[in-house]
Amino acid sequence: MGENMTEQKYEITVGIECHVQLATKTKLFSEVDNDARGKEPNSCVSPVEYALPGMLPRLNREAVKMAIRAGLALNSEINLFSRFDRKHYFYPDSPKGYQITQMYQPIIGAGFVELPNGKKVRIEHAHLEGDAGKLTHFDNYSLVDLNRADTPLIEIVSMPDIHSAHDAHDYCKELWRLMTFSGVCFGDLYNGNMRFDVNISLAEKGSKTLGKRAEIKNLNSFRSVERAIEYEYERQSKMLDAGEVITQETRGWNDATGKTTSQRSKEEAQDYRYMPEPDLPPIRLLSDQVKAEQENMPLLPADYRATLGVIIPQDILEILLDYKELVDKLAELKTEYDIQGIDKETSKAAILKISNLFTSVLLAEENSSLLNDPMPSTKQLIDLNSMIAKNELSSTSVKEVFLRFFTPEMRFKETRIIAKELNLIQENDLGAVEKIVDEVINDPKNAQAVTDFKAGSEKVLGFLVGQVMKASRGKANPSMAQEILRKKLLEMKILEKKII
Ligand code: MN
């Protein structure tokens with residue numbers, strides 16, 4: 001449905017707020033561990049997160065640096081002056097009774113994200129804030145875990161520039177790439193490292209005003225963002241068709257049923273009593289600090305699209321861009337070929353070969369666990385390519401050698417040595433293959449096949465090639481063997497005719 005929305009009666013408008021957990025070592029306002037993965041509940045909590053009387057927050061410098069990097073990845077202006085506000089609300093997972101956020105003067109200003117299809121989604125702003133803790137509900141009691149309390153977040157607020165479920169999916173994925181490539185987020189969606197709040201409204205085509213919006217909170221996968229929007233389009237358009245009024249409300253998404261349900265109406269709009277945070281001074285940055293982060297920015301998806309997009313087809317490159325280490329390796333390979341002065345067409349073909357091995361072998365279901373292992377070295381891959389170019393490996397052998405790059409015993413070995421140890425190097429020496437072909441033709445066991453071929457049976461050629469392969473213990477280049485066999489047998493036939 002996503003693609004067909006433009007042909008429908010209503011236009012859908014989507015804005016997305018995304019909370020990104022920053023991968024800092026410590027919390028936003030204290031020096032306790034920020035990485036609670038695999039740790040006991042309430043083990044990464046200091047008196048600051050418990051909000052004990054008299055405790056004061058101290059801003060984490062690393063979180064500010066990461067916010068700058070995130071802002072640069074969003075093509076945003078970085079505000080040299082920003083400050084914090086208190087957002088008051090009561091909830092058992094937030095002992096302070098308020099959240100420290102940046103309501104009025106956020107650190108990240110206007111920017112944009114470009115989707116793979118070229119569409120641009122403007123960023124309104126993004127701000128720094130602390131996360132809440134986590135509640136787990138049981139039958140008649142609930143447990144509070146504050147490990148996540150005041151984990152640094154940036155909340156990225158988009159403009160309502162998205163008009164299909166498909167583009168919303170791509171936008172969220174692109175955000176994930178930008179945040180993980182720039183090194184500010186681990187990007188573990190399953191553990192809520194990025195969470196999406198999606199605002200969806202419908203209006204009749206051509207209408208200048210937006211409809212009332214439904215907000216779906218806390219989606220944690222690209223797919224659920226897409227499905228929730230598709231569901232809301234159906235629900236809201238049915239209501240509008242029936243002349244019903246859409247109310248502004250927060251709705252929850254149920255992944256199992258594929259439906260959204262009403263949670264609370266926005267009519268009793270909450271008053272958070274925002275006030276400037278008195279315990280933290282404003283953040284004052286120097287333009288040199290921003291410049292320093294800019295200079296240290298890692299490569300982003302757009303950089304890979306620019307360098308690799310001329311070599312690898314777009315649909316393949318978009319798959320590879322889900323794995324930073326793969327596009328990194330391909331970019332490294334390109335740099336190395338450039339340094340060596342290899343001509344453009346040769347290096348293009350070589351990079352394409354490796355990218356095909358990545359997609360067809362490494363990303364195959366049965367090998368996907370290898371993605372956790374270190375990548376092969378650039379030299380191993382370059383050597384593999386030159387062995388392919390010299391026809392020294394059959395296509396099956398190429399895959400076999402490639403997979404060995406990931407095994408502990410072979411990881412540090414040279415490509416040629418791996419191929420040799422596995423006995424996979426093809427015999428391309430014309431003389432050597434010719435010798436084996438002669439043996440096969442003259443072997444009495446094969447006399448019948450030779451006679452059949454001469455009588456016109458093409459089929460037996462395959463059998464004879466098989467015999468050559470067997471005699472060479474799999475090392476003869478099969479197409480070379482076939483060519484020589486045919487030539488020799490035809491020569492024999494002509495010779496026999498002349499004798500008769
Ligand atoms: Mn927020």
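What spacing do the donors of the manganese ion follow along the chain? Keep that in mind while you get set up. This is a predicted model, where local features need pLDDT of at least 70, side-chain atom pairs count only at pLDDT 80 or more, and totals for chains, interfaces and linings use all residues. Residues are numbered from 1 along each chain as its sequence is written, and side-chain values use heavy atoms, with hydrogens and water left out.

**Stop 1: the metal**

Select the manganese ion. His 19 (NE2), Glu 129 (OE) and Glu 155 (OE) coordinate it at 2.1 to 2.2 Å, and the spacing of these donors is H-x109-E-x25-E. His 19 belongs to strand S1 (residues 10-21) and Glu 155 to strand S9, so this pair ties together parts that are 136 residues apart in sequence. Donors here are N, O and S atoms within 2.8 Å of the metal (3.2 Å for Na, K and Ca); water is not among the atoms, so the site may look incomplete. His 19 and Glu 155 are both buried (under 20% relative accessible area; exposed is over 50%, partly exposed in between, with a 1.4 Å probe and protein chains only).

**Stop 2: strand S6**

Now pick residues 120-130, which make up strand S6; 8 of its 11 residues are buried. Strands (E, at least two residues) and helices (H or I, at least four) are DSSP runs, numbered from the N terminus. Strands pair if DSSP finds at least two bridges between them.

Look across from His 125 and you find Val 157 in S9. Next, show strand S5 (residues 111-114), which pairs with S6 in the antiparallel sense over 4 bridges. Glu 114 faces Lys 120 in S6. The hairpin of S5 and S6 has 5 residues between the strands, and Gly 118 there takes a positive phi near 95 degrees.

**Stop 3: the rings**

There are 11 aromatic pairs in the structure. Rings of Phe, Tyr and Trp (its six-membered ring) pair if their centres lie within 6.5 Å; planes under 30 degrees apart count as stacked, over 60 as edge-to-face and the rest as tilted. Select Phe 402 and Phe 405: the centres are 6.3 Å apart and the planes at 80 degrees, so this is an edge-to-face pair. Phe 402 also makes an edge-to-face pair with Phe 406, with centres 5.5 Å apart and planes at 75 degrees. As for burial, Phe 402 has a relative accessible area of 0%, Phe 405 has 1% and Phe 406 has 3%.

Then jump to Tyr 89, Tyr 104, Tyr 272 and Tyr 274, which form one aromatic cluster. While you're there, show Lys 87: its charged end sits over the ring of Tyr 272, 4.5 Å from the centre (NZ of Lys or CZ of Arg within 6 Å of the ring centre and within 35 degrees of the ring normal). Arg 37 does likewise over the face of Phe 186, at 4.3 Å from the ring centre.
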